[in-house]
Amino acid sequence: MTTSKTRTRPELFAVEEFFADPEFSGATISPDGTRIAYRAPAHGRRNVWVRGIDEDHADAVCVTHDARRGITTYYWTDDPRWLLYLQDTDGNEDWHLYRVDLDAPDEPAVDLTPLASGSRVFGAEPSVEEPGTVLVWMNQRPMYIDIFRIDVATGTTTLHLPQTELGDAVLLDRRDQPAFVSQVTQDGAVEFRAIDPGTGDQRPLCRMGGAEHPVGVQPQLVTPDGTGLLVGAYQDSDDLRLVRIDRETGQQTVVAALAGHSLDITGTMAPEVLPPTVFRSRRTGEVLAARFVGDRPRIEVIDPHFAEVYAGLARLSDGVLGTLSSDESERRWVATFVHDRDPAVTWFYDHATGAARQLFRAYPRRDPAAAAPMTAVGFPARDGLPLHGLLTLPVGVEPRSLPLVLLVHGGPWSHDTWGYDPSAQFLANRGYAVLQVNFRGSTGYGKHHLTAAIGEFARAMHDDLVDAADWAVAQGYADQQRIGIMGGSYGGYAALVGVTVTPEYFAAAVDYVGISDLANFLRTLPPFTRPYNVNSWYRYVGDPADPAQEADMLARSPLTMADRIRTPLLVAQGANDVRVVQAESDNIVASLRERGVPVEYLLAEDEGHGFANPENQIRFYRAVERHFGRYLGGRCATEAR
């Protein structure tokens, strides 16, 4: 007999539906407006395809042929013949810049940056001043990030501007000339100086406190006319604003601000991939709009002409504008939208005619109505600090006394935001309430919230997570006896802290590329990162070169407290991880196995800091499914179609 309970029970979707590569993603329009490029599967990996603006995928040409690792970042050039992309080897983050000939797409890609091991490309930008070339930031000298000019057609590489001081960042104007420099001083402050175009002399403009900028002052953009620098600054506010610093006077002018909301700098961590902090004109370089943090991301339009374009785009989706590109005329636009249930739907919009059409959905076989909504929530920490979070509940299930997974973001200087999260969707589909909390130290919620994390690793930062789970229990959503914790990178560290500092609280835990030994973690980071860690790891956690600070770091390291662990644990690690090295996982697993504590260890030989290849993602989440199913009581794959 079919009961009402079984009739209303939501469909269980296969793991592959959540963690296979999207069918379409990352679309951009060519500078001349005649073609679009995007990522789609080929050769078992995510590759780049190109098609005419009026064509379908059936007419598209696959122009990259990587069968080893998917491609994430690519660039149009000003020559319609060439397209560029970045690729590393099995997740080792030694990025190289490759050239593809769109006139001969079956020819092998050319490595324009044959760097030695340990060196990498950090970014590339087409040069406005010298067409046919790109400026590339790379550490050919392992400790220094120099700027090179590469002729795309010939591959000829010349040094454009060497980095003279470790940690300095020289910012170029649209003529590719040095305009400003930012430097972290010995006391941790960030100092900005103007560079005289004639003499090269540097003149101080302003200083900003360093602790409130743990990932650096972001963004840092020279205005198209070279007379100003756009930065994220707090000034006299708790909220991060977009501010212009005048090159001559140092005067600061607010360009974009939103009371009670901070500029969202997440996009600066992965340019060309994540929704940007600021939208810029391809034609002029001017800033069009800025993104702010909120219950849903907020877009603040700056440019009056773009206001008309934005109004046309906003009619296309009930989501939030994500990525955006235009042709040189700024008539034709390709936009994606952030959405919690239907991610990265991509549209073509012709501003001259007002015509628009949907190009594709990332997951065309999925019904958005079957996905779980993500809801913004808020509650105070035990010391009164306001905390913001996101709650995803299973569809078709009464939200009472559910098993709960606390899903902890990495960074920790990042934040969870409203949108499609495959991990949250997968866990909700398996019957779990999923809570993501922006604990103290997360970006996006003001200077006080951010700096409240100084010295609080394994202390108040962990308390925030427990307070969040307690809130979910008090609201009736979660069963106190069935709470799990899961996270990657810092989130993996948080999971390990959860089962060491509060060993009785969690019923199961998943550590994904997480830190187990804070001192060893900092010692094994790539050497060139040290100058950039002054206001992050060294300021918030400590410097292992200082014996007293090292002792404190060890006291807050899960490996030191491993004898307290009795919670069943799943650990996953990439063998080529250069951020959190394999020893971080090996050591915690060995310690537990010596004591007979249940631990499952997944080691992927072809991955780095997080799994990128779909088969590894699927293997990992099948293990997560079994692990939480066994210890928290969620649904499992035997029911999936």
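1. Two strands pair if DSSP finds at least two bridges between them. The model discussed here is predicted. In it, strand β6 (residues 82-87) and strand β7 (residues 96-101) meet that condition, with 6 bridges in the antiparallel sense.

2. β6 and β7 belong to an open sheet of 4 strands, in the order β5-β6-β7-β8, with antiparallel pairing. The edges are β5 (74-76) and β8 (110-111); each has a single partner strand, so one side of each lacks a neighbour in the sheet.

3. The pairing of β17 with strand β18 (residues 228-233) is antiparallel and has 3 bridges. V222 has L229 of β18 as its bridge partner.

4. Which kind of peptide bond joins Q218 and P219? The bond is cis, and omega is about -10°. P219 sits in the loop between β16 (202-208) and β17. In the loop between β20 and β21 (278-280) lies E272. E272 is not a glycine, yet has a positive phi of about 75°. For background, most residues other than glycine have a negative phi, and most peptide bonds are trans.

5. A cis peptide bond also runs from G411 to P412, with omega near 5°. P412 is placed in the loop between β30 (402-408) and α4.

6. Strand β26 (residues 345-350) and strand β27 (residues 356-360) run antiparallel and are joined by 4 bridges. F348 stands opposite R357 in β27. β26 and β27 form a hairpin, with 5 residues between the strands. G354, in the turn, has a positive phi of about 80°.

7. Two packed helices are described by the angle between their axes and the distance between the axes. For helix α4 (residues 422-429) and helix α12 (residues 614-632), the axes come within 11 Å and cross at roughly 40°. At that angle α4 counts as oblique to α12, and the crossing is right-handed. Which residues make the contact? From α4 they are S423, F426 and L427, and from α12 they are Y621, V624, E625 and F628. By type, the residues of this contact divide into 5 nonpolar, 1 polar and 1 charged.

8. The structure holds 30 aromatic pairs. One of them is F306 with Y310: the ring centres are 6.2 Å apart and the planes are at 40°, so the pair is tilted. The cut-offs explain the label, because planes under 30 degrees apart count as stacked and over 60 as edge-to-face, with the rest tilted. F306 and Y310 are both in helix α3 (residues 304-314), and because they are 4 residues apart there, about one helical turn separates them.

Note on methods
Residues are numbered from 1 along each chain as its sequence is written. This is a predicted model: local features need pLDDT of at least 70, side-chain atom pairs count only at pLDDT 80 or more; totals for chains, interfaces and linings use all residues. Side-chain values use heavy atoms; hydrogens and water are left out. Axes are lines fitted to C-alpha atoms, for helices over the stretch in contact, and angles run from 0 to 180 degrees between N-to-C directions. Helices (H or I, at least four residues) and strands (E, at least two) are DSSP runs, numbered from the N terminus. Angles under 35 degrees count as roughly parallel, over 145 as roughly antiparallel, 65 to 115 as roughly perpendicular and the rest as oblique. A crossing is left-handed if the near helix is turned anticlockwise from the far one by less than a right angle, and right-handed if clockwise. Contact means heavy atoms within 4.5 Å. Ala, Val, Leu, Ile, Met, Phe, Trp, Tyr, Cys and Pro count as nonpolar, Asp, Glu, Lys and Arg as charged, and the others, Gly among them, as polar. Rings of Phe, Tyr and Trp (its six-membered ring) pair if their centres lie within 6.5 Å; planes under 30 degrees apart count as stacked, over 60 as edge-to-face and the rest as tilted.
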